[in-house]
Amino acid sequence: MSDTAPHIEIDADSGFCFGVVTAIRKAEEELARRGGLYCLGDIVHNSNEVDRLVKKGLQTITHADLKTLSGCKVLLRAHGEPPSTYATARERGIEIIDATCPVVLQLQKRIKSAYDASRHLPSPPLILIYGKPGHAEVNGLVGQTGGEAVVVQGVADLEGIDLNRDILLYSQTTKSLSGFQSVIEEIKRRKSSGEFKYFDTICRRVSGRLPRIREFAASHQVILFVSGRKSSNGQALFEQCREVNPASHFISEPSEILPEWLEGAASIGICGATSTPRWLMEEVADKVRQITQ
């Protein structure tokens, strides 16, 4: 394709966060012992990694499936689960392998403690969670309040909410700091009475990747961002790449690479989400070498 092979670099900061690493390690340890294991929901938002573990005996189940099982082991992924999931497991005699990320687990405890401490007050505070509605982590957080917490994805979702009552605001651990700050400022602007407390519960190991990935994307002519389509973290990081480098392309696997993307590029960067396995980025790099040699 070119007389001179391009420089290819894989971002050292991309790939699994420690919560995902722990969940996969626990799954692989159990699979090595038993040859089979249930996981409640995709263990990670990356179909390639899920497929790899499925071949080892991992079986993804839904919450509906959980209610039909008994006397088995079920792994809870890093995203965490609401109390109702643990209750179902106890009722069905299911042994839980809990791989909830420690950062998420600590946030669950904070929200539950705040909810329990205020639920019997004449006017309990409104618990707001800045996050993606329906996301597994967010469902687990809302579950700590018996389903009473309100989820807001951005400033627009504040419409119709009584902001003049006491408010406690938390954030999904993988959301952006700038988005969280925007919600805080808008609540302050609209609020004319009542107390407002907000807690920055965003994981710095995730949020810290935003400035680093922007720097990485800007340092290459072409960026191949590798992520599962289901990953909200992946979508957010990709947008950061594209903002500083319009020649950024979102792919889920090597076969999606179009040769014309790489035409004439002297420097190609490969990066990904917190749910992107290193081995997949290595395969993308190999594919780039095949195309450009």
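Colleague: In this predicted model, what share of the contacts in the protein chain between residues at least 6 apart in sequence join residues at least 24 apart?

Modeller: The model is a predicted one, and the contacts in question are those in the protein chain between residues at least 6 apart in sequence. Among these contacts, the share that joins residues at least 24 apart is 71%.

Colleague: How many helices and strands are there in the protein chain, and what part of its residues is buried?

Modeller: The protein chain contains twelve helices and twelve strands. Of the 293 residues in the protein chain, the part that counts as buried is 51%.

Colleague: Why is the pair of Tyr170 and Phe199 called stacked?

Modeller: The structure holds six aromatic pairs. In the pair of Tyr170 and Phe199, the ring centres are 4.8 Å apart and the planes stand at 20 degrees. Planes under 30 degrees apart count as stacked, and therefore this pair, with its planes at 20 degrees, is stacked.

Colleague: How many residues apart in sequence are the parts that the pair of Tyr170 and Phe199 ties together?

Modeller: Tyr170 belongs to strand 8, which covers residues 167-171, whereas Phe199 sits in the loop between strand 9 (196-198) and helix 8 (204-207). The pair therefore ties together parts whose separation in sequence is 29 residues.

Colleague: Is Tyr170 buried or exposed, and what is Phe199?

Modeller: Buried means under 20% relative accessible area, and Tyr170 has a relative accessibility of 3%, so Tyr170 counts as buried. Phe199 has a relative accessible area of 21%, and Phe199 is therefore partly exposed.

Colleague: Which kind of aromatic pair do Phe196 and Tyr198 form?

Modeller: Phe196 is buried, with a relative accessible area of 17%, while Tyr198, at 36% relative accessibility, counts as partly exposed. Their rings are 5.2 Å apart from centre to centre, with 45 degrees between the planes, and the pair that Phe196 and Tyr198 form is tilted.

Colleague: With which side chain does the side chain of His220 make a polar contact?

Modeller: His220 lies in the loop between helix 9 (209-218) and strand 10 (222-226), and at 6% relative accessibility His220 counts as buried. Not counting residues up to four places away in sequence, His220 touches several residues, including His7, Asn245 and Ser267. The polar contact of the His220 side chain, at 2.9 Å, is with the side chain of Glu9.

Definitions and conventions. Residues numbered from 1 in each chain as written. Predicted model: local features only at pLDDT ≥ 70, side-chain atom pairs only at ≥ 80, totals over all residues. Heavy atoms only, no water. Phe/Tyr/Trp six-rings, centres within 6.5 Å; stacked < 30°, edge-to-face > 60°. Helix = DSSP H or I, 4+ residues; strand = E, 2+ residues; numbered from the N terminus. Buried < 20%, exposed > 50% of the residue type's maximum accessible area, 1.4 Å probe, protein only. Contact = heavy atoms within 4.5 Å. Polar contact = N/O pair within 3.5 Å; in protein donor to acceptor, adjacent residues only side chain to side chain.
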